Amino acid sequence: MIGLLSWKEPQGGIPPRTVTLAERNILHTRFLCAEIARGPRTVEAALRRRVNAAAKRLRRAGVTRVVLPERFAWGAQLERQGLRPVSTLSLRRRLAADWVRRALTEAGVSPAGARIAVSAAQMTGELVRTVTELSLRHRYVLLDVPYGGEELCRRLRREYGISLLLGPDRPQLEAADALVLFDPRTDLRREGGVTLPLYDENAPMGALSLPPALEERLPEGADRGQLLSALLEAGTLRPEQVSASAFRGGEG
């Protein structure tokens with residue numbers, strides 16, 4: 001089971017218990033929720049102790065991954081107790097094609113004629129899906145991957161009639177209108193265009209929303225990317241139900 005940390009504000013002047021644990025269903029997915037009391041006068045030392053206590057209780061219950069509150073500042077304490085945040089990498093990669101299209105449109109670049117470069121350290125299922133989606137939307141897609149790209153090129157040509165440029169050189173990657181990075185590339189020097197670092201959990205994701213009927217069933221204050229990632233992983237949320245604004249991770 002995945003954990004969910006949240007803040008509990010005092011109500012009616014009655015201070016809540018410092019830490020409470022309870023199961024909660026969110027879109028038919030079970031979470032073990034740890035509510036941590038936090039009022040306007042709660043000092044940081046007290047919050048640190050309560051976070052530590054909540055982490056210990058979650059670990060005793062078998063939890064290893066948690067959805068954190070927005071702008072949570074005590075991640076290092078959770079790690080020391082064996083807890084880690086739910087990863088958003090898979091969600092970021094599912095949204096990559098949408099982010100590219102929207103970012104190019106906002107930059108005034110025609111998506112149809114834009115050059116999209118994708119760089120990765122290895123061939124994975126997520127890379128194949130992302131490159132396929134980008135190739136179906138854009139005429140010029142460049143793929144930089146050490147091995148496995150030839151088979152993907154043949155499949156895209158056979159199934160969709162798409163030509164994929166394999167093995168671009170560094171100047172071509174640097175000059176692309178959009179550069180999608182599955183892994184860091186410290187050797188590239190970008191002077192313009194959109195760059196999507198899909199390996200960076202800390203890069204801002206922009207607004208993520210669901211249809212209104214689902215939105216009203218989500219808890220307030222939770223890290224949106226982590227929560228939606230957990231729901232997608234559980235299969236109770238479908239990728240097409242997630243709507244994303246333009247990526248804000250960076251421009252070259």
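Author: Two strands pair if DSSP finds at least two bridges between them. The model discussed here is predicted.

Reader: What makes β1 and strand β4 a pair?

Author: Strand β4 covers residues 65–67, and 2 bridges in the parallel sense link β4 with β1. The requirement is at least two bridges, so β1 and β4 count as paired. One of the positions involved is Gly 3, whose bridge partner in β4 is Val 66.

Reader: How do you know that β1 pairs with β3?

Author: There are 7 bridges between β1 and β3, in the parallel sense. Here Gly 3 stands opposite Leu 32 in β3.

Reader: Why is Leu 32 called buried?

Author: The relative accessible area of Leu 32 is 12%. The limit is under 20%, so Leu 32 is buried. This residue is found in strand β3, residues 29–37. Leaving aside residues up to four places away in sequence, Leu 32 touches Met 1, Ile 2, Gly 3, Leu 4, Leu 21, Ala 22, Glu 23, Leu 58, Ala 61 and Val 63.

Reader: What makes Leu 164 count as buried?

Author: Its relative accessibility is 8%. Since the cut-off is under 20%, Leu 164 counts as buried. Leu 164 is found in a loop, the one between α5 and β8. Its contacts beyond four places in sequence are Val 131, Ser 135, Val 141, Leu 143, Leu 152, Cys 153 and Leu 156. Leu 164 and Tyr 140 are 24 residues apart in sequence, with their C-alpha atoms 7.3 Å apart in space.

Reader: Which residues make the contact between α4 and α5?

Author: On α4 they are Val 128, Val 131, Thr 132, Ser 135 and Leu 136; on α5 they are Leu 152, Arg 155, Leu 156 and Tyr 160. By class, the residues of this contact divide into 6 nonpolar, 2 polar and 1 charged.

Methods. Residues numbered from 1 in each chain as written. Predicted model: local features only at pLDDT ≥ 70, side-chain atom pairs only at ≥ 80, totals over all residues. Heavy atoms only, no water. Contact = heavy atoms within 4.5 Å. Helix = DSSP H or I, 4+ residues; strand = E, 2+ residues; numbered from the N terminus. Nonpolar A, V, L, I, M, F, W, Y, C, P; charged D, E, K, R; others polar. Buried < 20%, exposed > 50% of the residue type's maximum accessible area, 1.4 Å probe, protein only.
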